[in-house]
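Subject: Structure handover

Hello,

Here is the structure for you to look over. My notes on it follow below.

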Amino acid sequence: MTLQTQHPTPTTLIVTRHFAAPPARVWAAHMEPALIQQWLLGPDGWTMPVCENDPRPGGKIRYEWREPATGHGFSMTGTYELVDAPHRSIHIEQMHLPDPTPENRVETRFDADGTGTLLTMTMTVADAATMEAMISSGMTDGMETSYKRLESLGFATA
Amino acid sequence: MPLDTTFAALADPTRLAILGRLAMGEATVNELAAPFAISQPAISRHIKVLEEAGLILRRTDGTHRPCRLAPQALDPLDDWLRHLRDDMERNYQRLDLLLAATPPGKEKP
């Protein structure tokens, strides 16, 4: 049930994971702000004070995360290109740290898998340098914080 | 080695193919050039990029300089992928709990 990643090309990352709920419910958890705010949080302790999501073509996305202990935070903005509820969506997103990172095209599929759902998220950037910029700046920001916290607690991280 | 150097080195299908060949064992420049319809100097340039990125090592064997994969060649990439997986998995475990807790039918379709 833990997620799998594939990195088939320098510009593509594919994430897959199974959920024990039908596609309509997993879709709703990805599209309704009141639900998104309960899980899309990053490291423990982070909050999501802003969560705006308009799931239709041209609709806007705005998420803001904050670490209460330090006040540190960042945001994500995006736009939907395709919305085929509850099966598939495509959106473009970028982080703001506060400077904007390169754009990342994300296709998300919610396919029935037995009684549950197989989520497949394909992230594509324009070139390998963009992939590097995305991962070395925004996407790893929250991860580094949690990684350091694990180290300080004495947990092996290797 | 900074991740950007690693990714720049990987951002080329010929270089990826060279790494793939070296995953099967050591090879000389001639052996690496054989499958490609490009010049040996071009292959040498690719090898230089990979060497400067710390992805391959070379030894001297008479007049040859065989190449092999560096032992920790792709560790930074693997490390990053592992951190990304851990971060996303933490979120998805919260989503598991949310999906298990919310009674079906309470959400809008």
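**Around A:Ser75**

Leaving out residues up to four places away in sequence, A:Ser75 touches A:Arg62, A:Tyr63, A:Glu64, A:Trp65, A:Gln94, A:Met95 and A:His96. Contact here means heavy atoms within 4.5 Å. A:Ser75 sits in strand S5 of chain A. Helices (H or I, at least four residues) and strands (E, at least two) are DSSP runs, numbered from the N terminus. A:Ser75 is buried, at 9% relative accessible area. Buried means under 20% relative accessible area, exposed over 50%, and partly exposed in between (1.4 Å probe, protein chains only).

**How to read the model**

This is a predicted model: local features need pLDDT of at least 70, side-chain atom pairs count only at pLDDT 80 or more, and totals for chains, interfaces and linings use all residues. Residues are numbered from 1 along each chain as its sequence is written, chains are lettered from A and ligands numbered from 1 in the order in which they are written, and side-chain values use heavy atoms, with hydrogens and water left out.

**The sheet in chain A**

In chain A, 8 strands form an open sheet. The order is S1-S2-S8-S7-S6-S5-S4-S3, with antiparallel pairing. Two strands pair if DSSP finds at least two bridges between them. Strand S1 (4–9) and strand S3 (47–53) of chain A are at the edges. Each has a single partner strand, so one side of each has no neighbour in the sheet. On average, neighbouring strands of this sheet are turned by 20 degrees against each other, direction ignored.

One pairing joins strand S7 (residues 104–113) and strand S8 (residues 116–124) of chain A, antiparallel, over 9 bridges. A:Ala112 has A:Thr117 in S8(A) as its bridge partner.

Helix H1 (residues 23–31) of chain A lies across several strands of chain A, including strand S2 (12–19), strand S4 (60–66) and strand S6 (88–96). H1 runs at about 155 degrees to S7(A). Axes are lines fitted to C-alpha atoms, for helices over the stretch in contact, and angles run from 0 to 180 degrees between N-to-C directions. In H1(A), 8 of the 9 residues are buried, so the helix is largely enclosed by the rest of the structure. Among the buried residues are A:Trp27, A:His30 and A:Met31.

The largest nonpolar core has 39 residues. A nonpolar core is a set of buried Ala, Val, Leu, Ile, Met, Phe, Trp, Tyr and Cys residues joined through side-chain atoms within 4.5 Å. The residues with the most contacts inside this core are A:Met48, A:Tyr63, A:Trp65, B:Met88, B:Tyr92 and B:Leu95. Helix H5 (residues 75–101) of chain B gives the most to this core, with 6 residues. Leaving aside neighbours within four places in sequence, B:Tyr92 is in contact with several chain A residues, including A:Leu3, A:Arg17, A:His30 and A:Met121.

A second, separate core has 16 residues, among them B:Ala27, B:Leu32, B:Ala33 and B:Cys67. B:Ala27 is in the loop between helix H2 (13–22) and helix H3 (29–33) of chain B. B:Ala27 is buried, at 1% relative accessible area. Residues up to four places away aside, B:Ala27 touches B:Arg21, B:Leu22, B:Leu32, B:Pro66 and B:Cys67. B:Cys67 is buried too, at 0%.

**Salt bridges and cysteines**

- B:Asp96 and A:Arg17 meet at 2.7 Å, N to O. The pair crosses between chains, from helix H5 of chain B to strand S2 of chain A. A:Arg17 is buried, at 2%. A:Arg17, B:Glu89 and B:Asp96 are linked in a network of salt bridges.
- A:Glu64 and A:Arg62 meet at 2.8 Å, N to O. A:Glu64 is buried, at 17%, whereas A:Arg62 is partly exposed, at 29%.
- B:Arg90 and B:Asp87 have their closest N and O atoms 2.9 Å apart. Both are buried.

Best wishes

Definitions and conventions: A salt bridge is a side-chain nitrogen of Lys or Arg within 4 Å of a carboxyl oxygen of Asp or Glu.
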